[in-house]
Amino acid sequence: MHKAQGSEFDTVFVILPNPCRILSRELLYTALTRQNKRLVLLCQGEPHKFLDYRQLSDAARRLTNLFEAPEPVQVGQRTYDNKHIHRSRRGELMISKSEVIIANELAGAGIVYEYERPFIGKDGTPRYPDFTIEDADTGITWYWEHLGLLGNAEYEEKWAAKLKWYRENGIIPEEEGNGENGTLVTSAEIEGIDNGQIARLIRKIK
């Protein structure tokens, strides 16, 4: 696809395996705009799942700009260009707009949280839950993960591994009871963010 940039062809065949670890929305755009007359799209699995790549952007992870100097900003353990991050009501830097929405709802409900606070597992490796909430009254520590790309095979594989790691380290999903080291709640984003789901989770935590 990279070599086809700037070129055009009468007929273009685009073959998309799933998962495709190198695919991004920029690469997909290049592939889909090289044809003059006909595009043949061959997808492994359900074609609509490739809509998830709208959120997987190489440009958002780069610290390069042809016309302006980059403004590197540390967000948790990652570095992004300042132009590709978002800010919560409390002024925290966050990667996704969905996380900002959740953070603002938590703050509006008077819930104190920490964004991407490291949790160190038994094996010494860290994980960074989206939100950590400590309830002093009940002694429960809540860990909130927002699943923004469910339906994407590679994303779901990584989430399954992370969930297994949480279980092994005493953090148990809320529907299964409280874990030794905390309780996990998740919000999901399949066809857009669900504010009703967020509100229900906040009521559980409060």
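Reader: What accessible surface does the protein chain have, and what percentage of it belongs to carbon and sulfur atoms?
Author: The model is predicted. Its protein chain has an accessible surface of about 12,300 Å². The part of that surface belonging to carbon and sulfur atoms is 51%.

Reader: What percentage of the residues in the protein chain is buried?
Author: A residue is taken as buried when its relative accessible area is under 20%. The protein chain has 206 residues. Buried residues make up 37%.

Reader: How many helices and strands does the protein chain have?
Author: The secondary structure includes both kinds of element. The count is 4 helices and 13 strands.

Reader: Is the crossing of H2 and H4 left-handed or right-handed?
Author: The crossing of H2 with H4 is right-handed.

Reader: Which residues in H4 meet H2, and how does the contact divide into nonpolar, polar and charged?
Author: From H2, the contact has Ile 101, Ile 102, Glu 105 and Leu 106. From H4, it has Asn 195, Ile 198 and Ile 202. The residues of this contact of H2 with H4 divide into 5 nonpolar, 1 polar and 1 charged.

Reader: Is Trp 142 buried or exposed?
Author: Trp 142 lies in strand S11, residues 141-147. Leaving out residues up to four places away in sequence, Trp 142 touches Phe 131, Thr 132, Ile 133, Asp 135, Glu 174, Thr 183, Val 185, Lys 204 and Ile 205. Its relative accessibility is 8%, so Trp 142 counts as buried.

Reader: How many Å separate Trp 142 and Val 185, C-alpha to C-alpha?
Author: Val 185 is among the residues that Trp 142 touches. The two are 43 residues apart in sequence. In space, C-alpha to C-alpha, they are separated by 7.2 Å.

Reader: Why does Ser 88 count as buried, and which residues does it touch?
Author: Ser 88 is in the loop between strand S5 (86-87) and strand S6 (93-94). Ser 88 counts as buried because its relative accessibility is 7%. Not counting residues up to four places away in sequence, Ser 88 touches Met 94, Val 100, Ala 103, Asn 104 and Tyr 113.

Reader: What is the phi of Glu 116?
Author: Glu 116 is in the loop between strand S7 (114-115) and strand S8 (119-120). With a relative accessible area of 9%, Glu 116 is buried. Glu 116 is not a glycine, yet its phi is positive, about 50°.

Reader: Is Cys 43 buried, partly exposed or exposed?
Author: Cys 43 is found in strand S2, residues 35-43. Its C-alpha atom is 7.7 Å from that of Asn 18, 25 residues apart along the chain. The relative accessibility of Cys 43 is 25%, so Cys 43 counts as partly exposed.

Reader: At what relative accessibility does Leu 16 count as buried?
Author: Leu 16 is in strand S1, residues 9-16. The C-alpha atoms of Leu 16 and Leu 41 are separated by 7.7 Å. Leu 16 counts as buried because its relative accessibility is 3%.

Note on methods
Residues are numbered from 1 along each chain as its sequence is written. This is a predicted model: local features need pLDDT of at least 70, side-chain atom pairs count only at pLDDT 80 or more; totals for chains, interfaces and linings use all residues. Side-chain values use heavy atoms; hydrogens and water are left out. A crossing is left-handed if the near helix is turned anticlockwise from the far one by less than a right angle, and right-handed if clockwise. Helices (H or I, at least four residues) and strands (E, at least two) are DSSP runs, numbered from the N terminus. Contact means heavy atoms within 4.5 Å. Ala, Val, Leu, Ile, Met, Phe, Trp, Tyr, Cys and Pro count as nonpolar, Asp, Glu, Lys and Arg as charged, and the others, Gly among them, as polar. Buried means under 20% relative accessible area, exposed over 50%, partly exposed in between (1.4 Å probe, protein chains only). Accessible areas come from the Shrake-Rupley method with a 1.4 Å probe; for residues, only the protein chains shown count as cover.
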